[in-house]
Amino acid sequence: MYEREGLLKQYRYICNSNFNVMTDILEKIQEAVAYIQKRYQTAPQAGIVLGSGLGSFTREMDIEAEIPYSDIPHFPVSTVEGHSGKLIFGKLSGRQIVAMAGRFHYYEGYSPQEVVFPIRVMKFLGVTHLLLSNAAGGTNVDFKVGDLMMIKDHVSFFQHNPLIGKKIPELGTRFPDMSEPYSKALMSKAIAIGKAAGYDLKTGVYLGVTGPTFETRAEYRMIHLMGADAVGMSTVQEAIAAVHMGMTVFAMSVITDLGIREEENVITHQEVLEAAQAAEPKLTHIFKELVGQL
Ligand code: HPA
């Protein structure tokens, strides 16, 4: 009896705190946006999220302002090695962009709503196109370390959906369509850019996991059987939030390890960072050209 009452109390607490969290989100987004707009007034058209080992991409930008996450009200603060933690505003290929140097991961202890908070802020700053990048483990037997894989679709079932909670009509609909989360039009443009540069661009399905453990051999095999070509600990929640708000999304993985090969599946974070850094110039070229064609 006592146990049942305790559970009911706990349930009511969770519902209420969830309710409060969700109703606050819009206010938090607005406060973050107002702060950013005080420091930098030009609205960005494209948002770019840089994955592990991919931060030096911003060297290509004409930087006009940098705002550390720690200055922005309600922004979480990045803790992972290889992520520097700031919003960078400026021009790339003649377009106004904002780049996130460092993203937030569920495995760091952030809630799914916190993980997608910067994406929501970007939308309210005026961003219409979101370009995501990440380091991922290859589960397609034809892939090599250093390959670039354009994400054509994802499997989100192993991560918590960031839209769980009270409906916020200002952000989007209750049951968003996910039949084409990644823009076919942008994929065609990227394929043409890759071809012109002589890259062997791969295309595939990305499966999102929580991390922080890399997968066991059995898990890599299972992920492969489930139809995914790559696995990683980011991107999916951000893409869902962006599609929910009506943004056009493009995403690309750098294949940094091959969990599917038994002889190659002892994986370290260092190896992931090094492989991402080695492939970065190619990814940078594609993103830069793509932004120019938006
Ligand atoms: N699994 C999950 N996340 C990753 C991997 C991987 O093999 N490589 C880089 N991020």
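Predicted model: local features only at pLDDT ≥ 70, side-chain atom pairs only at ≥ 80, totals over all residues.
## A salt-bridge network

Lys144, Asp147, Asp200 and Lys202 are joined in a network of salt bridges.

Aspartate 147 counts as buried, because its relative accessibility is 7% and the cut-off for buried is under 20%. Lysine 144 is partly exposed, with a relative accessible area of 45%.

## Salt bridges across the chain

The structure holds eight salt bridges. One of them joins glutamate 60 to lysine 288, and the closest N and O atoms are 2.9 Å apart. Glutamate 60 lies in the loop between β1 (46-50) and β2 (62-68), while lysine 288 lies in helix α6 (residues 269-292), so the bridge ties together parts that are 228 residues apart in sequence. Both ends are partly exposed: glutamate 60 has a relative accessible area of 36%, and lysine 288 has 29%.

A further salt bridge brings together the side chains of lysine 91 and glutamate 64, at 3.1 Å from N to O. This pair also links distant parts of the chain. Lysine 91 is in strand β3 (residues 86-92) and glutamate 64 is in strand β2, 27 residues apart. Lysine 91 counts as partly exposed at 33% relative accessibility. Glutamate 64 counts as partly exposed at 39%.

## Nonpolar cores

In soluble globular proteins, nonpolar side chains tend to be buried together. Here the largest nonpolar core has 81 residues. Ile48, Leu87, Phe89, Val121, Phe250 and Met252 touch the most other members.

Take isoleucine 48. Leaving aside residues up to four places away in sequence, isoleucine 48 touches Phe57, Leu92, Ile97, Val98, Ala99, Met100, Met122, Leu131, Phe287 and Val291. There is also a second, separate core of twelve residues. Among its members are Val205, Leu207, Ala228 and Val231.

## Methionine 150

Methionine 150 is found in strand β6 (residues 148-155). Methionine 150 is buried, because its relative accessible area is 1% and buried means under 20%.

What does methionine 150 touch, not counting residues up to four places away in sequence? The contacts are Met187, Ala190, Ile191, Lys202, Thr203, Gly204, Phe250, Ala251 and Met252. Two of these, Phe250 and Met252, are among the residues that touch the most other members of the largest core. Another, Lys202, belongs to the salt-bridge network. Tyrosine 182 is 32 residues from methionine 150 in sequence and 9.4 Å away in space, C-alpha to C-alpha.

## The ligand site

The residues around the ligand are Ala135, Ala136, Gly137, Phe214, Glu215, Tyr220, Val231, Gly232, Met233, Thr256, Asp257 and Val272. Val231 is also a member of the second core.

On the backbone side, a polar atom of alanine 135 is 3.3 Å from a nitrogen atom of the ligand. A polar backbone atom of glycine 137 is likewise 3.3 Å from a ligand nitrogen. Taken alone, the ligand exposes 250 Å², and the protein buries 96% of that.

Key
Residues numbered from 1 in each chain as written. Heavy atoms only, no water. Core = buried A, V, L, I, M, F, W, Y, C linked by side-chain atoms within 4.5 Å. Buried < 20%, exposed > 50% of the residue type's maximum accessible area, 1.4 Å probe, protein only. Contact = heavy atoms within 4.5 Å. Helix = DSSP H or I, 4+ residues; strand = E, 2+ residues; numbered from the N terminus. Near = heavy atom within 4 Å. Polar contact = N/O pair within 3.5 Å; in protein donor to acceptor, adjacent residues only side chain to side chain. Areas by Shrake-Rupley, 256 points an atom, 1.4 Å probe, with all protein chains shown as cover. Salt bridge = Lys/Arg side-chain N within 4 Å of Asp/Glu carboxyl O.
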